[in-house]
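Work through these exercises with the structure open beside you. Try each task before reading its solution.

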Amino acid sequence: MIKHFRPFFLILIVLLTVSCSGQDCSKINNDFESYQSALKIIKSSEFKITDNCDTSKSSWIYNADFYSCNGINGFLIIETKSKTYIHKEVPIAKWNEFKKAESFGKYYNQNIKNRFQLVI
């Protein structure tokens with residue numbers, strides 16, 4: 001009798017695993033209600049690429065994360081002491097250049113700021 005329940009339990013485990021994981025990033029609607037909801041949705045979704053940069057040498061950028069569905073472009077989240085900035089459609093090449101920059105702030109201001117804004 002236990003043998004009959006084995007397939008049922010396997011299916012149940014698979015369904016629970018799938019339902020508990022983040023949403024597919026390709027289903028993210030870019031019409032967010034607020035920055036807080038955008039952050040929550042982006043950070044809880046499953047992306048093809050998620051990357052973080054060690055920004056400890058920066059005087060004002062506390063953290064930088066990159067999330068991409070397609071490996072071509074994605075969301076860049078920059079955290080400062082006072083605010084979090086979300087940028088969309090940032091090319092992965094820009095992200096890789098940012099990570100290698102001598103000055104994160106200078107690179108950000110010259111290459112990302114006002115170019116890839118997430119408008120709510």
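**Exercise 1. Find which residue in E3 is the bridge partner of Phe 66.**

Solution. The model is a predicted one.
Step 1: Locate the two strands. Strand E2 covers residues 61–68 and strand E3 covers residues 73–80.
Step 2: Check how they run. E2 and E3 are antiparallel, with 6 bridges joining them.
Step 3: Read off the partner. Phe 66 is bridged to Leu 76 in E3.

**Exercise 2. Work out the order of the strands in the sheet, and name the edge strands.**

Solution. 
Step 1: Recall what holds such a sheet together. Strands pair through backbone hydrogen bonds, parallel or antiparallel.
Step 2: Trace the order. The sheet is open, and its 4 strands follow the order E1-E2-E3-E4. The pairing is antiparallel.
Step 3: Look for strands that pair on one side only. These are E1 (49–53) and E4 (84–91).
Step 4: From one strand to the next, it averages 20 degrees.

**Exercise 3. Describe how helices H2 and H3 sit on the sheet.**

Solution. 
Step 1: Start with H2, residues 35–44. This helix packs on the sheet and touches E2, E3 and E4. Its direction makes about 55 degrees with that of E4.
Step 2: Turn to H3, residues 92–100. This helix also packs on the sheet, touching E1, E2, E3 and E4. The direction of H3 makes about 25 degrees with that of E1.
Step 3: Ask which residues of H2 are buried. They are Ser 37, Ala 38, Leu 39 and Ile 42. The buried residues of H2 pack against E2, E3 and E4.

**Exercise 4. Find the 2 salt bridges and say which parts of the chain each one ties together.**

Solution. 
Step 1: Take Lys 43. This residue forms a salt bridge with Glu 79, and the closest N and O atoms are 3.5 Å apart.
Step 2: Lys 43 is in helix H2 and Glu 79 is in strand E3, so the pair links parts 36 residues apart in sequence.
Step 3: Take Lys 99. Its side chain meets that of Asp 51 in a salt bridge, at 2.5 Å from N to O.

**Exercise 5. Classify Lys 43, Glu 79 and Asn 111: buried, partly exposed or exposed?**

Solution. 
Step 1: Under 20% relative accessible area is buried, over 50% is exposed, and in between is partly exposed.
Step 2: Apply them to Asn 111. The value is 17%, so Asn 111 is buried.
Step 3: Find its surroundings. Asn 111 is in helix H4, residues 104–111. Leaving aside neighbours within four places in sequence, Asn 111 is in contact with Lys 94 and Phe 116.

Key
Residues are numbered from 1 along each chain as its sequence is written. This is a predicted model: local features need pLDDT of at least 70, side-chain atom pairs count only at pLDDT 80 or more; totals for chains, interfaces and linings use all residues. Side-chain values use heavy atoms; hydrogens and water are left out. Two strands pair if DSSP finds at least two bridges between them. Axes are lines fitted to C-alpha atoms, for helices over the stretch in contact, and angles run from 0 to 180 degrees between N-to-C directions. Contact means heavy atoms within 4.5 Å. Buried means under 20% relative accessible area, exposed over 50%, partly exposed in between (1.4 Å probe, protein chains only). A salt bridge is a side-chain nitrogen of Lys or Arg within 4 Å of a carboxyl oxygen of Asp or Glu.
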